[in-house]
Amino acid sequence: MRAPETGSEIDGFRLGELLHVGTMASIYRLVGPKGPLPLIMKIPRLGAGERSANVVSFDLSDEQLSRDREVADREGLALECVRGDMADLSALSSASFDLIFHPVSNVFVSDVRPVWRECFRVLRPGGQLLAGFMNPSFFLFDHDEAERTGMLVVKHRLPYSVRRTADLRPTEFSHSLEDQIGGQIAAGFSVVGLYEDHWLDGTSPLNRFSPVAIATRAVKGDVEQPAAADGDR
Ligand SMILES: C[S@@+](CC[C@H](N)C(=O)[O-])C[C@H]1O[C@@H](n2cnc3c(N)ncnc32)[C@H](O)[C@@H]1O
């Protein structure tokens with residue numbers, strides 16, 4: 001099946017920028033009436049009756065993996081679930097993936113640089129890493145307090161880790177942009193896209209003042225530079 005055209009509509013969503021064309025799937029940014037949305041859609045590149053293969057869900061949590069298994073079985077998708085720490089992907093072969101989708105999850109590890117190095121290792125040349133992470137400024141504030149008082153008060157020097165033993169939520173770690181973006185570059189990636197994203201106002205008081213999350217697109221390998229326009233020479 002050929003990748004659908006940018007601009008076409010699928011299930012009520014309009015396809016925007018084509019972010020990745022893999023052997024298994026194409027990934028598009030979605031657009032709404034006012035422009036790009038903070039959403040992507042993955043469209044399997046399969047013929048009728050074919051099943052996808054070679055998709056791995058990697059997570060530290062057995063509970064998360066069992067939910068992934070449940071949904072994959074329900075939808076008839078081929079999915080391999082692998083349990084492990086994102087900083088050590090030794091269960092996965094080098095140069096064996098076309099695409100890594102790393103949703104906002106490195107907030108749970110103290111050091112993100114090994115994660116970028118491992119992502120670089122397991123991607124094939126030309127493979128892409130789509131990563132989401134928190135805006136570092138999120139951790140300047142005590143969000144539990146902000147929810148109680150309605151006031152955002154700068155409280156923490158960065159980087160900061162939030163230990164939430166009382167309600168059993170996991171410890172969260174802030175990371176600098178130098179570690180998040182510079183760390184990808186240091187691992188060997190070319191960062192070719194950067195997007196800022198909001199939550200909903202009800203989700204965080206900070207949302208009214210600043211984007212809360214950041215996403216990057218990075219490529220393993222050299223990226224062709226667009227030809228310079230006449231006036232640039
Ligand atoms: C925001 S959820 C993303 C869940 C799911 N993979 C998705 O894409 O929707 C973050 C996930 O990171 C996982 N996680 C936390 N620490 C981890 C680690 N050190 N290595 C791998 N996964 C980890 C959590 O178990 C949780 O499922």
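Visitor: Why is Phe-133 called buried?

Guide: A residue counts as buried if 20 or more other C-beta atoms, placed from the backbone, lie within 10 Å of its own, as exposed if 12 or fewer do, and as partly exposed in between. Phe-133 has 23 other C-beta atoms within 10 Å, and therefore it is buried. This is a predicted model, in which local features need pLDDT of at least 70 and side-chain atom pairs count only at pLDDT 80 or more, while totals for chains, interfaces and linings use all residues. Residues are numbered from 1 along each chain as its sequence is written.

Visitor: What makes Phe-133 part of a strand, and which strand is it?

Guide: Strands are DSSP runs of E with at least two residues, helices are runs of H or I with at least four, and both are numbered from the N terminus. Phe-133 lies in strand 8, which covers residues 123-134.

Visitor: Which residues is Phe-133 in contact with, leaving aside its neighbours within four places in sequence?

Guide: Contact is given to two residues whose C-beta atoms, placed from the backbone, lie within 7 Å. On that basis Phe-133 touches Val-104, Asn-106, His-175, Gln-180, Ala-213 and Ile-214. Of this list, His-175 is 42 residues apart from Phe-133 in sequence, and the two are 9.0 Å apart in space from C-alpha to C-alpha.

Visitor: What is the order of the strands in the open sheet, and what makes a strand an edge strand?

Guide: The open sheet has 4 strands in the order 7-8-12-11, with mixed pairing. Strand 7 (97-102) and strand 11 are the edge strands, since each pairs on one side only.

Visitor: Which strands does helix 4 lie across, and which of its residues are buried?

Guide: Helix 4 lies across strand 8, strand 11 and strand 12, and runs at about 160° to strand 11, an angle taken between N-to-C directions on a scale from 0 to 180 degrees, with axes fitted to C-alpha atoms, for helices over the stretch in contact. Helix 4 spans residues 177-187, and its buried residues are Asp-179, Gln-180, Ile-181, Gly-183, Gln-184 and Ala-187. Their cover includes helix 2 (113-122), strand 8, strand 11 (189-197) and strand 12 (213-220).

Methods
Two strands pair if DSSP finds at least two bridges between them.
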